[in-house]
Amino acid sequence: MTSEFDSPSPVDDSEIFALGSYEFPELSTREFKPWHKPRKQYVRRAQWGAEIERLLALRPGDERTLSYLGLPGSDLLDLRYILDRFDISPGGFQFLGFDVSALPQSPDGASLNVALTEVRSDERVDSRSDIIGDDISLVGEENSLAFERARVLGPFDVINLDLCGGFAQDPAGVDRSLYSTVQRLMNIQFRNPRPWVFLLTTRVGPNAFESAVLAELRRLIESNIRSSSLFAQVLAENIGNPTEQTWRPESPFTPAALREFSGLATVGLAKWFLNCAQRIRCEFSVAPTLEYTVYGGSPTADMVSIAFRFDPVAPDPDPSGLAAGGALLPSEISQAIDIPEIVARVVDVDALLASNSALAGELIEESAELLVLARYDRDSYMAWARRTLEVS
Amino acid sequence: MSDDAEAAAAPTEQELLQSLDAFEAGQDPLETTLQADDRVIARVTDGIYRQPGSALRELISNAYDADATRVAIDTDRPRFRRIRVEDNGNGMSTDTLVRLIYHIGGSAKRTREGERLGITSTGDPDSSPSGRPLIGKIGIGLFSVAQLTQAFQVITKRRGERHRTVASVVMKQYTDNTESTQHAGEKYSAGRVRIWKEPAADVESQGTTIVLDAIRPQTRDTLRSRGTWQAILGDSGSFSPGSERLDVKPPMFHIGTVTAQNESILEAEQGGPRLPWEGSDPPDRAFRKLVDSVWDSINRGVPNPNLEQLLDYYLRMAWHLSVWAPLPYMDCHPFDVTLDAGLTTYALSGGGVELLTTTSSITPRSLMDLHAGQLPSELPFQVLLDDLELSRPVRLLDLPTTSGAAKTPLLFFGKHREEFAGIDENLSGGTLAFESYILWAPKIAPTEHHGILVRVHDATGSLYDETFLSFPVAEQRRMTQLTCEIFVSEGFDGALNIDRESFNYAHPHVVVLTKWVHAALRRVIAEEKRVAAAALAERRAMGERARIEALDEIVDEVWERERGDDGTAAPTVIFSDDPDARVADGYIFPRRRVLGEYVGANARGRQRQAEAGIGGIMRVLSAFGLLDTLSTDDIAELAIAIRKIVQAGER
């Protein structure tokens, strides 16, 4: 019982207790998730793995190291995939992951802790590798701990922004956004003297773009259309001739309108990354692109996995001619011209697996191998994976 | 639920083991309570350590005892929301972990039970399976984390097992009230446990990971050096020009701090991290840079560097952990310093000190058959704290010097074995054996290393004792030039208090050690005084010679200018009270009459200086021919007058 003579508490409970209750955090059940589907394994194998293989092949001698920044989820499947597929030297794999399961008392925390113990026990993993609970968009904020960790561990050979939602959904011009995150990551990657790759998986439907951001992507494309008739021609041949209506398709969306929109939006995103590459003096190209359908009601694929290749270019030659060496950075338009065709050649992974049962079987096997490493039951997975293929 | 009810509702140890034997992948975790056989132990678990670093030290010791070759402590500094301690040691079987949960403080280490559980060596309960002498003994090490966190997780696996055992623990706050509800013999519940098994595909992996993920706010504040930052940044916790705050400066090196408003953002105005290493430095180089930064501060206007001023709590903790843990020395073990490395080395033997030869590349280890710190290369031990790979931050070579006369460090080695012959082991505590070095150097940095550190089986939990176990001699300045480590190889364990940070001063082993150390110190100090006195005398002699030569040069110069090349030399001047004294070409002055009496420190040296000075003046006067017309007595009076003027001027 308190009386009027009792002084108020000098501290807040949060200054004394980390936990307010003498209970365990709720545990999340380990169910199979969309990213466990065989099609995701195809993305790992055909795009991520292929890109890493390409980077490692560019290395001089037999150097087998890899630094990686990504969103590996609490199962750390992407990291396990890399360790499983590639011959990396002891201590040669360094990663920084962002996942909410690393937050204190997270329902997936126990699972992440086990996964991290498993992965870090591999002698090829550098001891500074870690998963932190911060949202990756915090990297965009000045003085954030997330940026500081990336700065210290970077630059990276691979940045993998494997999103569930859309890259372009944040408002423009704010610190805490994926654009600011990419911009600040470019500050780190600027120090990278070797070729590296930015992997992006993002929704590309009409609802996945904030309007001001979409307007900017449109401006980037229109600027190329105006400055280069060749670009306009390539775009028209591969994606379409964009009109006001192409950029603002009206619901209900027709498959054709959706395809044209997502193609244009993907070209716009690639153009934005090309501009990033220009700012940090990198040659830029786009690797073969993959797509699949996440939203059940979507008549066309609404998720795209795209790989942007960055290849650092030496400083401009000395105009006075005193110094030898140097290289010219190819112009923006010369690198933009190839983008529409590559985007148009996108492979629909769902369709591919539906038409190629042998491949589907292989991917189920491969995924199962990976999921067993992450402590899932093989048989349950095989049954679930086959079911998902039948449904799709 | 009350403690007894909670403990009673929990499955028994045997029941839990049976359930875990039958545990299937994907099954829900089993629940039980964390139990102590004795409420005193429960109380101990609740918190006996002074600092968060102590609890981390206990986890490092556990890893060492489990034959780990590597421990990595990862934090999200400077936020400290989560700490993970991961080792590659033998790991625990499910049985061992369950035993730990049901018997906090009832460690199987140092018992025959330990051998059955695979946590001690076959046939030697005091050693790890690979033969390391065990550091831990009573089994509270793991639960020392209760002081840091309200909840934690243990993930452990033994090589060859196809599963990991995982336990999540939520600790309970000990209260005195619960004692009254308990009855003798009942177990005390110290927390709740969820335990389960996870299938493991990596059959060959082994080790234990402990994740602290409900770090207590007070612990976070300590790790964040919150008190310092609050004083710097003001109550708002953020820098704003003109706001009221104390005139406190950040330590020379620090990890920075997070803002009060958002713990994911670093305070940038004042608190951006200031570290002596770069992110690209490998961990061993990063730690060396930290240690060098402390020593090098001597050259940056910090004559007596102390960790408290130079480093924030986290960096100090890194330093202390590196002192405590059974790690290799940053350069080399003091016993492996070769005798020709530039130090003067001695053996503490018999009742005195014996100078060891200094031209030999032999080591004291081989010469005196010293064994401490011989880390088997096949079982190294590496401790990583975030960016840093820790090693003992003790420097013996290339030490900074001072303006003092004695500049060469003196390094003394000794060893002792006390068997307490004829005394019942129950009274003596058994044999005590130890080895030691004592270093005297003009500067020892940091000041926290002044004193004596006692290691048992190469590990310690204490800090340097600057009183040298209450050494009764007032040698304040000299004590700050001494650092000493004792390496106990037998005994002393029983003299350590439970926190391993202090000892029981009444224990026979402490009494013997204290007497040995004090006797050794007396010999060390006597030798240092002798060396210092000799060095001082030599320096004075050298100084005198140099000054006299300088005076001679002045006189010769004047003589040559005034007399030209006439083939003569300046006259000789001698001071003597000997009536038979003779000089061929010069003056003899009655010493006592002209110079007066010289007494006290360095009387002879000062007298020689005066003779040179007055003599020099007289010789210059002679060069000008000014003495030629004066009588011997007048010359003496002139010399007396000059001496008085010079002395008055000096005063």
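Me: What does buried mean here, and how much of chain B is buried?
Reply: Buried means under 20% relative accessible area. In this predicted model, buried residues make up 55% of the 651 residues in chain B.

Me: What makes B:Arg300 count as partly exposed?
Reply: Its relative accessibility is 44%. Buried would need a value under 20% and exposed one over 50%, so B:Arg300 counts as partly exposed.

Me: Where is B:Arg300 found, and which residues does B:Arg300 touch?
Reply: B:Arg300 is in the loop between helix 10 (283-296) and helix 11 (307-310) of chain B. Leaving aside residues up to four places away in sequence, B:Arg300 touches B:Met252, B:Phe253 and B:Ser293. From B:Arg300 to B:His103 there are 197 residues in sequence and 53 Å in space, C-alpha to C-alpha.

Me: Why is helix 4 of chain A called roughly parallel to helix 5 of chain A?
Reply: The axes of helix 4 (residues 145-153) and helix 5 (residues 178-189) of chain A cross at roughly 25° and come within 9 Å. Angles under 35 degrees count as roughly parallel, and therefore helix 4 of chain A is roughly parallel to helix 5 of chain A. The crossing of these two helices of chain A is right-handed.

Me: Which residues meet where helix 4 and helix 5 of chain A are in contact?
Reply: A:Phe147, A:Ala150 and A:Arg151 of helix 4 meet A:Arg184, A:Leu185 and A:Ile188 of helix 5. By class, this contact has 4 nonpolar, no polar and 2 charged residues.

Me: Why is helix 2 of chain B roughly antiparallel to helix 5 of chain B?
Reply: In chain B, the axes of helix 2 (residues 13-21) and helix 5 (residues 94-102) come within 10 Å, crossing at roughly 150°. Over 145 degrees counts as roughly antiparallel, so that is the term for helix 2 and helix 5 of chain B. Their crossing is right-handed.

Me: What classes of residue form the contact of helix 2 with helix 5 of chain B?
Reply: On the helix 2 side are B:Glu13, B:Leu16, B:Leu17 and B:Leu20, which meet B:Thr94, B:Asp95, B:Val98, B:Arg99 and B:Tyr102 of helix 5. The residues divide into 5 nonpolar, 1 polar and 3 charged.

Technical notes. Residues are numbered from 1 along each chain as its sequence is written. Chains are lettered from A and ligands numbered from 1 in the order in which they are written. This is a predicted model: local features need pLDDT of at least 70, side-chain atom pairs count only at pLDDT 80 or more; totals for chains, interfaces and linings use all residues. Side-chain values use heavy atoms; hydrogens and water are left out. Axes are lines fitted to C-alpha atoms, for helices over the stretch in contact, and angles run from 0 to 180 degrees between N-to-C directions. Helices (H or I, at least four residues) and strands (E, at least two) are DSSP runs, numbered from the N terminus. Angles under 35 degrees count as roughly parallel, over 145 as roughly antiparallel, 65 to 115 as roughly perpendicular and the rest as oblique. A crossing is left-handed if the near helix is turned anticlockwise from the far one by less than a right angle, and right-handed if clockwise. Contact means heavy atoms within 4.5 Å. Ala, Val, Leu, Ile, Met, Phe, Trp, Tyr, Cys and Pro count as nonpolar, Asp, Glu, Lys and Arg as charged, and the others, Gly among them, as polar. Buried means under 20% relative accessible area, exposed over 50%, partly exposed in between (1.4 Å probe, protein chains only).
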